[in-house]
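Open the model in a viewer and keep the selection tool at hand. The stops below say what to select next and what is there.

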Amino acid sequence: MDVYVAGVGEIPCRPAYGDLDFREMLYTAARKAYEDAGIHPSEIDGIVSSGMDFYEGISITDSYTPDQVGGRLKFNTLVSNDSLNAFIHGYMLLRTGHFRNLMVTCYAKPSNMLNYPEVVLNSFDPHVVRPLTPHPYVLAALDARAYLSRSGASPRDLSLVAVKNKKNALGNTSAAYAGATTPDDVENSAPVSEPLKRGHISTLCDYAAAVILTTDRRLGRFTVKGVGNAFGAYSSDLSSRMWGLLAWVRHAAQKALRMAGIGKVDFVEVSEPFAHTELMALEGLGIDGEPAHKTLRAGGYDLGGHLPVNPSGGCLGMGYPLNAAGLQRVVQSVKAMSRMGWRTCMILSSDGEVVDAGSAVVLTSEV
Amino acid sequence: MRVKPARYSERYLAQQPEDVRRAIIGLELDKEFGRVEGWASSLNRKYTDTDEWRAENLILTYWRIACRYSHAAGKAATRFLDGLRDGKILGTKCGRCQRVMIPPRLFCEWCFRDVDEWVEHSGEGAISTYSLSYIGTDPGVRLEKPIIVAVIWFDNTSKKSPSSQTVLHAAGLLHIVDGVKPENVSIGMRVRPVWRRDGERTGSILDIAYFTPVDGGVG
């Protein structure tokens, strides 16, 4: 049984939607998805949402979802991980045969959070990590340092990623942080936690997205050809983690590529809360044959390169909407295939800022 | 071990903007849980004077809630924390794959079996990865001098895969490194723990004040 994307909707990324609450943001995204799919909310059989209560400041976040997306009195469930994980849950639910059309939704409103780093502290081990009060960017910097040491890449490579993505975002009206910058601009931005400069870190943004999945071929516009998810981290503590690499990517991506029966894709969309996340993900993907930073330097990941990566601008150019980053990638992939005529893409998204776990999805424009 | 009520650490309080620190201390949130003022006055209290946290154009409803927990440490972590109070770093060792686990676990997820052999480690090891951090956990705080955050992998505890020499596991800790100039820190630098004095240790990861170069540091 094939599963198709019938339509997508989003509200553009912004530093803050001061005039909209999350219900209004989600409603806007859902309306656009219904319009895009050409169906009425009554034709949806259920909702799969992505959310983390400690980000939202509301417990049982999914109970606040159905009304504004057309899901009242229907099946409703929450995946407390990245929204690409929720997308895969929607895919699997459809393949049970119990549903015909499902909507996957997510939103992020980090502008509501007064103390983001303190909130994120709640996700760390309360005995051996939390008392040290590490900022999540510091943990990301540990990953960046280890990646640079492991791969032979230089901090300037991180800057090249930031420049590429911010430039790509200039063509994306949903992007909040597009810009024409130079590697020197990024190098000269404030040091945050070495080797990370401010310009290597994706700025948080408010965002909402809705994607309609279906098993009805008449409604399908893109096909979900393969999915994969893997958890690469040791859950007990941070010290036994494999720093500097994303172990989950290889397992999740290979599963998705095997399901799809392909070895190459036309482009990649990958959530990158930090510049090094993109390179670490591409190392794990390994379909390029070269160390990622060498391909990057040669322009291979540029819009005109042999494997464009984050043609949407990624999270560096669009803004990082926390757990909504995965569905942000799905929507951008669909937009890019429509606009650029590309036929296949790989979507990768981690289950958090510095989590070695995540999801992979292969989409094609063939139905 | 009965875990004491959670407290904000001195390090954490030091990172707070002055008015927030004042509010935390004023509300006695730095002391035992449960001794806050009444709901009404608590909710009406102005949360912060920090300008960047204000959103003048928004209609916001503030909900200041102190979600406080007293986490049961569990058997393994309790013995580990008790060990820290005694100035010892304790771990467990799997009898099958021979891995040393610090912080300890009572199971080996590789072999999926119980683990009951305890070992003590000096805490000497090498820096696996590190960062010079200019930020605290509060968005308004920027540190004048960077702190060195590092992952330390303890000596003779790493397991490597024969084919790639990739480290699959190492016993170690995420912690602070001090007693060395930031520019002199490097991956592979050998470090040892510096303990708080007898009587000052409480059974916390902070009983290790920091890690410092084995050779005494370079400035």
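Select S193(A) and S133(B): these two residues stand opposite each other, the latter in β6(B). Strand β5 of chain A (residues 191-194) pairs with β6(B) in the antiparallel sense, over 2 bridges; strands count as paired if DSSP finds at least two bridges between them. Helices (H or I, at least four residues) and strands (E, at least two) are DSSP runs, numbered from the N terminus. The model is predicted: local features need pLDDT of at least 70 and side-chain atom pairs count only at pLDDT 80 or more, while totals for chains, interfaces and linings use all residues. Residues are numbered from 1 along each chain as its sequence is written, and chains are lettered from A and ligands numbered from 1 in the order in which they are written.

Now show chain B by itself. Its secondary structure comes to 4 helices and 12 strands. Of its 219 residues, 29% count as buried, that is, with 20 or more other C-beta atoms (placed from the backbone) within 10 Å of their own.

Move to chain A and select residues 155-168, helix α7. This helix of 14 residues reaches 21 Å from its first C-alpha to its last, close to the 20 Å expected at 1.5 Å a residue; the expected span is 1.5 Å times one less than the number of residues. In α7(A), 11 of the 14 residues are buried, among them L158(A), V161(A) and K164(A). What covers the buried residues includes α6 (136-151), α8 (183-187), α10 (275-285), α11 (292-297) and α12 (314-318) of chain A.

Last, colour the sheet of chain A. This open sheet of 9 strands has mixed pairing and the order β3-β2-β4-β7-β1-β8-β11-β10-β9. Its edge strands, each pairing on one side only, are β3 (75-79) and β9 (267-270) of chain A. Strand β2 (residues 46-50) of chain A runs parallel to β3(A), joined by 5 bridges; V48(A) has T77(A) in β3(A) as its bridge partner.

Notes
A residue is buried if 20 or more other C-beta atoms lie within 10 Å of its own, exposed if 12 or fewer, and partly exposed in between; C-beta atoms are placed from the backbone. Two residues are in contact if their C-beta atoms, placed from the backbone, lie within 7 Å.
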